[in-house]
Amino acid sequence: MIKYLKWIIGIPLVLIIVVFAHYTLPGRDIVRIVGTDVKRMDIGSSSWFWAAPDAGTNSNWTRDVRFINTVWPDGKPRVYRNEDTDWGWPPYFKFDSSNITAQAQDLAKKEGEVWIAVTHYGWRIELFTIFPNAIDIEEVEGPDVLLVPWFSIIFILVLSALALLVLRTMSVFKKKRIDPVVEGIDDFMDDVGENAEQAKANAQQRANDATSGFRRWLKRWFG
């Protein structure tokens, strides 16, 4: 039962961690900027997937949001929102959304095909009007340039090491603290069971002895 309980708890927990990391950790896309835009947005049920207005401004559910419009190398559109993360989550401490918009507008005016690596977090879900948030943009040589996600690799390695350390600590704690208690309870229950069996056997023997004595008494007096 405990074995199945570990799987029942462990699998959803791992899935939650993977989904959370996939949304939060930075990713980089190589795209071509075609323009920028500012839209008046009513932030509703999907507010968890939006960041914050510019640092120092009022927080309203209806606000202007900057967007960066791009296309993939195959021509499909890719739209990013451009919001400050401020001091909130995820902790990218982004306060320069205005500067990123100016940089994107300048890159969009360049002649020829200018390819940009957009560092972002989040997902693009058209059904719920959810956009990834652009954290940084930089010009790259072309659409086939290799970008190694060093930050994500190091973060996952550190997180894995911490997880192994926690599991190791829990295993040692279980072996030194919990297992002796469980074994003591098992031994106690075994002793209780043995004592109960012995008491039952003794009681049965006394009952048999008493019955035998009563039968001998009846036979002596009544034949």
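The legends below describe close-up views of a predicted model. Residues are numbered from 1 along each chain as its sequence is written, and side-chain values use heavy atoms, with hydrogens and water left out. Local features need pLDDT of at least 70 and side-chain atom pairs count only at pLDDT 80 or more, while totals for chains, interfaces and linings use all residues.

**View A. Salt bridge between glutamate 138 and arginine 28.** A search of the whole structure finds six salt bridges, a salt bridge being a side-chain nitrogen of Lys or Arg within 4 Å of a carboxyl oxygen of Asp or Glu. In the bridge between glutamate 138 and arginine 28, the closest N and O atoms are 3.9 Å apart. This pair links distant parts of the chain, 110 residues apart: glutamate 138 belongs to strand β5 (residues 133–140) and arginine 28 to strand β1 (residues 27–42). Helices (H or I, at least four residues) and strands (E, at least two) are DSSP runs, numbered from the N terminus. Glutamate 138 is partly exposed at a relative accessible area of 35%, and arginine 28 is partly exposed at 34%. Buried means under 20% relative accessible area, exposed over 50%, and partly exposed in between (1.4 Å probe, protein chains only).

**View B. Salt bridge between glutamate 83 and arginine 63.** The N to O distance in this pair is 2.8 Å. Glutamate 83 sits in the loop between β3 (77–82) and α2 (97–108), and arginine 63 in strand β2 (residues 62–71), so the bridge ties together parts that are 20 residues apart in sequence. Glutamate 83 is buried, with 3% relative accessible area. Arginine 63 also counts as buried, at 11%. A network of salt bridges links Arg63, Arg81 and Glu83.

**View C. Salt bridge between lysine 110 and glutamate 139.** The closest N and O atoms of lysine 110 and glutamate 139 are 3.0 Å apart. Distant parts of the chain, 29 residues apart, are linked here: lysine 110 is in the loop between α2 and β4 (115–121), and glutamate 139 is in strand β5. Lysine 110 is partly exposed, with a relative accessibility of 38%. Glutamate 139 is partly exposed as well, at 43%.

View D. The peptide bond from tryptophan 89 to proline 90 is cis, with omega near -5 degrees. Phenylalanine 93 is not a glycine but has a positive phi of about 50 degrees. The relative accessible area of phenylalanine 93 is 44%, so this residue is partly exposed.

**View E. Threonine 129 in the loop between β4 and β5.** Threonine 129 is a residue other than glycine with a positive phi, near 55 degrees. Its relative accessible area of 36% makes threonine 129 partly exposed.

**View F. Pairing of strand β1 with β4 and with β2.** Two strands pair if DSSP finds at least two bridges between them. Strands β1 and β4 run antiparallel and are joined by six bridges. Valine 31 stands opposite isoleucine 116 in β4. Ten bridges join β1 to β2, and these strands run antiparallel. Methionine 41 faces arginine 63 of β2.

**View G. Proline 180 in helix α3 (residues 150–222).** Proline 180 is partly exposed, at 41% relative accessibility. Leaving out residues up to four places away in sequence, proline 180 touches Lys174 and Lys175, where contact means heavy atoms within 4.5 Å.

**View H. The largest pocket and its lining.** Rolling a probe the size of a water molecule over the atoms shows where empty space is left. On a 1 Å grid over the protein atoms alone, a pocket is an open set of points where a 1.4 Å probe fits, with protein on both sides within 12 Å along at least five of seven lines; lining residues have an atom within 4 Å of a point. The largest pocket holds about 300 Å³ of space, where the volume is the space filled by probe spheres set on the points. Helix α1 (residues 2–24) supplies the largest share of the lining, nine residues. Among the lining residues are Leu5, Ile9, Leu13 and Leu167. The lining divides into eight nonpolar residues, one polar and one charged. Ala, Val, Leu, Ile, Met, Phe, Trp, Tyr, Cys and Pro count as nonpolar, Asp, Glu, Lys and Arg as charged, and the others, Gly among them, as polar.
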